[in-house]
Amino acid sequence: MMSKYKTVIWPKVILFGDSITQFSFQANGWGTEIANQLARKCDVVNRGLSGYNSRWAKIVLPRLISSHNSADIAAVAVFFGANDSALEDKNPQQHVPLQEYLENLKEINRLLASAGVPADKVIFITPPPIHEPSWEKECILKGCPLNRHNSVAGQYAQACVQAAHQCGTDVLDLWTLMQKDGQDYTMYLSDGLHLSEKGNQFLAQHLWGLLESRVANLPFILPYWGDVDAKIPENSLLCD
């Protein structure tokens, strides 16, 4: 028997990226902070895929977002590059050449547009900086040599910014912001590559600055408890 009441539709913000996105819902994570900001207004959906690069991302994207499930998307954050920028001779499985990375981001934007998500709802995020001494320790523990350089991550960050300008999307240039004015960016990293608690806070704060305009007009979903008619709650809770 079909219900006569209209289903409540919750808009969505999609976080699409690699491990820095996948783990963003951990305690004090940047995804957790964004979800907290949007409670009762919007679902924040984690589509982080640890270890993925932009080449793989563009292949799986149509399986995650299509015209059938995109109608209520308020924004999509696209956060790849930390794996693409791995050194080809040290980590060929994850490495993606710089120009291909740029083209992959443009293709991701095109795929989103074809699914009904326009460029003004898309935010690209550049890879963060790399602290090579810290990341080298992690690599050695895994039995491999240092496989990322901060200068190379910077080239990929520049390519991400370029792709955003060409696509007409917003971009959050983490690589530049975290090193602005010569500040000690190591406090933003937990192991030289992934984000620390301060790094998560930094990303959440700057991403919210770009997201806020896209979600500012979203209504508070379902009535505030103090506005519910206690005698006949159906009158308050089942209205559109």
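Predicted model: local features only at pLDDT ≥ 70, side-chain atom pairs only at ≥ 80, totals over all residues.

Visitor: OK, how many residues does helix H4 have, and how far does it reach?

Guide: H4 covers residues 98-114, which is 17 residues, and reaches 25 Å from first C-alpha to last. That is close to the 24 Å expected at 1.5 Å a residue, where the expected span is 1.5 Å times one less than the number of residues.

Visitor: Which residues in H4 are buried?

Guide: Tyr-101, Leu-102, Asn-104, Leu-105, Ile-108, Asn-109, Leu-111 and Leu-112. Buried means under 20% relative accessible area, with exposed over 50% and partly exposed in between (1.4 Å probe, protein chains only). As background, an α-helix has 3.6 residues a turn, so residues three or four places apart point the same way.

Visitor: And what covers the buried residues of H4?

Guide: The cover includes helices H3 (54-64) and H6 (150-167), plus strands E3 (73-79) and E4 (122-125). Helices here are DSSP runs of H or I, at least four residues, and strands are runs of E, at least two, numbered from the N terminus.

Visitor: Strand E4, then. Is Ile-123 buried or exposed?

Guide: Ile-123 lies in E4 and counts as buried because its relative accessibility is 1%. Beyond four places in sequence, Ile-123 touches Val-76, Ala-77, Val-78, Asp-170, Leu-207, Leu-210, Leu-211 and Arg-214, with contact meaning heavy atoms within 4.5 Å.

Visitor: How far apart are Ile-123 and Val-78?

Guide: They are 45 residues apart in sequence and 6.1 Å apart in space, C-alpha to C-alpha.

Visitor: Switching topic: where is Asn-147?

Guide: Asn-147 sits in the loop between helix H5 (132-141) and H6. Asn-147 counts as buried, because its relative accessibility is 7%.

Visitor: What joins the side chains of Asn-147 and Trp-135?

Guide: A polar contact of 2.8 Å. That term means a pair of N or O atoms within 3.5 Å; within protein, one must be able to donate a hydrogen and the other to accept it, and residues adjacent in sequence count only if both atoms are side-chain atoms.

Visitor: Last one: how many helices and strands come up in the whole protein?

Guide: 9 helices and 5 strands. Buried residues make up 47% of the 240 residues.

Technical notes
Residues numbered from 1 in each chain as written. Heavy atoms only, no water.
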